[in-house]
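Open the model in your viewer and keep the selection panel at hand. This tour goes stop by stop.

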Amino acid sequence: MEQESPITATAFLEPEQVVSLFGLKPGDHVADFGAGHGYFTIPLARVVGNEGRVYAIDVQEHALDVIRAKAQLSHLLNIEYIWADLELAGGSRIKDASCEGVVIANILFQAEKKEALFVEAYRILVSGGRLAVVEGREGSENKMGPVSAVRVSAKAAAEYAATAGFGDMREFDAGTHHYGLVFVKK
């Protein structure tokens with residue numbers, strides 16, 4: 001497992017720093033699975049720029065409204081908002097092989113069909129596209145994250161990714177409370 005440069009500015013998850021480790025570039029298309037309130041969506045939109053596209057996908061319509069408001073304040077026009085259930089086959093409603101990146105952050109512990117998220121990510125990624133997974137680190141209890149009993153380990157995430165067809169895993173430092181993994185679509 002290859003280790004990326006550590007994040008040293010803070011011990012907690014800093015989205016701008018973490019996104020910089022995903023290998024995205026201006027013009028890329030990236031999906032933010034379980035976008036929530038846009039913690040990663042907004043930094044992703046800045047990285048891919050006006051020529052790129054970010055698909056903010058969430059099962060809660062209100063969450064997308066929050067992202068829309070944040071994007072308007074930041075004058076970001078490159079975000080598409082998709083209200084969807086990612087646990088369904090084709091749930092993102094994004095075309096096959098149309099994204100260079102997918103982010104799954106802090107949602108695996110909530111998903112009943114965790115493997116479905118990895119299968120959907122694989123479907124929409126181009127060959128060589130990257131899936132970034134950021135989840136709460138085991139044994140890192142904090143008031144903001146889920147209890148250890150429901151957390152998905154890095155090992156389990158790697159197994160879901162391998163089953164979906166991903167290869168070339170590398171780890172990156174996502175702070176003291178999270179682990180970060182990047183997988184490449186074969």
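**Confidence**

This is a predicted model. Colour the protein chain by pLDDT: the average is 90, and 88% of the residues score at least 70. Now select residues 1-10. Here pLDDT stays under 50. The model has 21 contacts for this stretch beyond four places in sequence.

**The largest nonpolar core**

Select Phe 33, Ile 57, Val 102 and Leu 131. In the largest nonpolar core, which has 29 residues, these four touch the most other members. Next, show the elements that each supply at least two residues of this core: strand 2 (29-33), strand 3 (53-58), strand 5 (99-105), helix 4 (114-124), strand 6 (125-136), helix 5 (154-164) and strand 8. Helix 4 gives the most, with 4 residues. In soluble globular proteins, nonpolar side chains tend to be buried together.

Stay with Val 102 and display its surroundings. Which residues is Val 102 in contact with, leaving aside neighbours within four places in sequence? They are Val 30, Ala 31, Phe 33, Ala 121, Ile 124, Leu 125, Arg 130, Leu 131 and Ala 132.

Ala 132 leads on to another stop. A second, separate core of 27 residues includes Ala 132, along with Ala 35, Leu 64 and Ala 71.

**Aromatic pairs**

Show the aromatic side chains. The whole structure holds 6 aromatic pairs. Zoom to Phe 22 and Phe 172. Their ring centres are 5.6 Å apart and their planes lie at 65 degrees, so this pair is edge-to-face. The pair links distant parts of the chain, 150 residues apart: Phe 22 is in the loop between helix 1 (15-19) and strand 2, and Phe 172 is in strand 7. Both Phe 22 and Phe 172 are buried.

Move to Phe 118 and Tyr 160. Here the ring centres are 5.7 Å apart and the planes are at 25 degrees, so the pair is stacked. Phe 118 belongs to helix 4 and Tyr 160 to helix 5, 42 residues apart. Phe 118 is buried, at 0% relative accessible area, whereas Tyr 160 counts as partly exposed at 25%.

**Charges over rings**

Select Arg 68 and Tyr 81. The charged end of Arg 68 sits over the Tyr 81 ring, 4.4 Å from its centre. Then select Lys 185 and Tyr 122. Lys 185 lies over the face of Tyr 122, at 4.6 Å from the ring centre.

**The hairpin**

Select residues 166-173 and 178-185. These are strand 7 and strand 8, which run antiparallel and are joined by 6 bridges. Glu 171 has Leu 181 in strand 8 as its bridge partner. The two strands form a hairpin with 4 residues between them. In the turn, Gly 175 has a positive phi of about 100 degrees.

Most residues other than glycine have a negative phi. Select Asp 168, in strand 7. Its phi is positive, about 45 degrees. Asp 168 is exposed, at 63% relative accessibility. Then find Arg 93, in the loop between strand 4 (79-83) and strand 5. Arg 93 has a positive phi of about 65 degrees. Arg 93 is exposed too, with a relative accessible area of 59%.

**Last stop**

Select Ser 153, in the loop between strand 6 and helix 5. Is Ser 153 buried or exposed? Ser 153 is buried, with a relative accessible area of 15%. Not counting residues up to four places away in sequence, Ser 153 touches Glu 138 and Tyr 179.

Technical notes:
Residues numbered from 1 in each chain as written. Predicted model: local features only at pLDDT ≥ 70, side-chain atom pairs only at ≥ 80, totals over all residues. Heavy atoms only, no water. pLDDT = per-residue confidence, 0-100. Contact = heavy atoms within 4.5 Å. Pairing = 2+ DSSP bridges. Core = buried A, V, L, I, M, F, W, Y, C linked by side-chain atoms within 4.5 Å. Buried < 20%, exposed > 50% of the residue type's maximum accessible area, 1.4 Å probe, protein only. Phe/Tyr/Trp six-rings, centres within 6.5 Å; stacked < 30°, edge-to-face > 60°. Lys NZ or Arg CZ within 6 Å of the ring centre and 35° of its normal.
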